[in-house]
Amino acid sequence: MGLSRVRAVFFDLDNTLIDTAGASRRGMLEVIKLLQSKYHYKEEAEIICDKVQVKLSKECFHPYSACVTNVRTSHWEEAIQETKGGADNRKLAEECYFLWKSTRLQHMTLADDVKAMLTELRKDVRLLLLTNGDRQTQREKIEACACQSYFDAIVIGGEQKEEKPAPSIFYHCCDLLGVQPGDCVMVGDTLETDIQGGLNAGLKATVWINKSGRVPLTSSPMPHYMVSSVLELPALLQSIDCKVSMSV
């Protein structure tokens with residue numbers, strides 16, 4: 001790490017600043033209720049949702065690929081077909097998808113303590129939101145959690161040529177803020193994208209949000225720092241800057 005103070009912090013969005021996984025689970029619960037009450041499905045309702053969750057986890061959106069609404073409606077359609085058999089039911093698939101999506105977005109909120117932290121941090125450093133994913137999906141999340149005003153810039157992987165962990169997207173972020181990689185810290189919950197990307201780009205430091213306390217595999221990228229909550233970040237940044245002062 002260089003001998004300059006931290007000038008900018010790049011934040012991941014999903015499961016770093018907002019509880020995307022929790023919001024998604026709530027959406028699935030609403031779909032299960034719908035399938036059981038309106039359509040009289042029994043255990044098939046949970047099986048369908050589990051299948052959709054697996055399909056979501058395997059998604060890979062190229063920046064210019066198919067419409068996310070069509071892709072995700074097809075996940076539901078396939079899951080229903082695989083579980084129940086019979087004719088394809090696009091109408092039911094659409095009903096499930098839009099209920100899951102709307103419920104999920106309702107629960108994507110920026111907690112008050114996170115808002116307060118971002119407000120305080122921004123008095124001293126530049127803040128940038130750096131999120132991978134489909135353009136439409138990520139823009140809807142950003143609007144739902146109303147986080148735009150807390151950042152100096154927002155960069156979405158699906159709008160760029162490359163996503164995290166490619167160094168190019170990190171260099172683009174540096175250019176937007178007028179800083180060097182050695183001035184910046186990347187904060188995120190995913191070792192393979194957030195941490196590996198920060199290491200690839202030569203950032204000053206990487207901070208892994210490890211809420212579950214899991215031990216990373218020896219083959220995983222190794223972050224400079226690990227915290228259990230993003231709210232630990234201000235104290236950590238102070239200690240990084242303190243080390244710089246002592247070195248100087």
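View 1. L92 is buried, with a relative accessible area of 4%, where buried means under 20% relative accessible area with a 1.4 Å probe and protein chains only. This is a predicted model, in which local features need pLDDT of at least 70 and side-chain atom pairs count only at pLDDT 80 or more, while totals for chains, interfaces and linings use all residues. Residues are numbered from 1 along each chain as its sequence is written, and side-chain values use heavy atoms, with hydrogens and water left out. Leaving aside neighbours within four places in sequence, L92 is in contact (heavy atoms within 4.5 Å) with L35, Y39, Y41 and I80.

**View 2. Helix α4, the helix that holds L92.** Helix α4 covers residues 90–106, helices being DSSP runs of H or I with at least four residues, numbered from the N terminus. Among the buried residues of α4 are L92, C96, W100 and R104, and their cover includes α1, α2, α3 and α6.

**View 3. The open sheet of six strands.** The strands, DSSP runs of E with at least two residues, lie in the order β3-β2-β1-β4-β5-β6 with parallel pairing, where two strands pair if DSSP finds at least two bridges between them. Because β3 and β6 stand at the edges with a single partner strand each, one side of each is left without a neighbour in the sheet.

**View 4. The pairing of β5 with β6.** Strand β5, residues 205–209, pairs with β6 in the parallel sense over three bridges, and I209 stands opposite V227 in β6.

Key
Expected span 1.5 Å × (residues − 1). Buried < 20%, exposed > 50% of the residue type's maximum accessible area, 1.4 Å probe, protein only.
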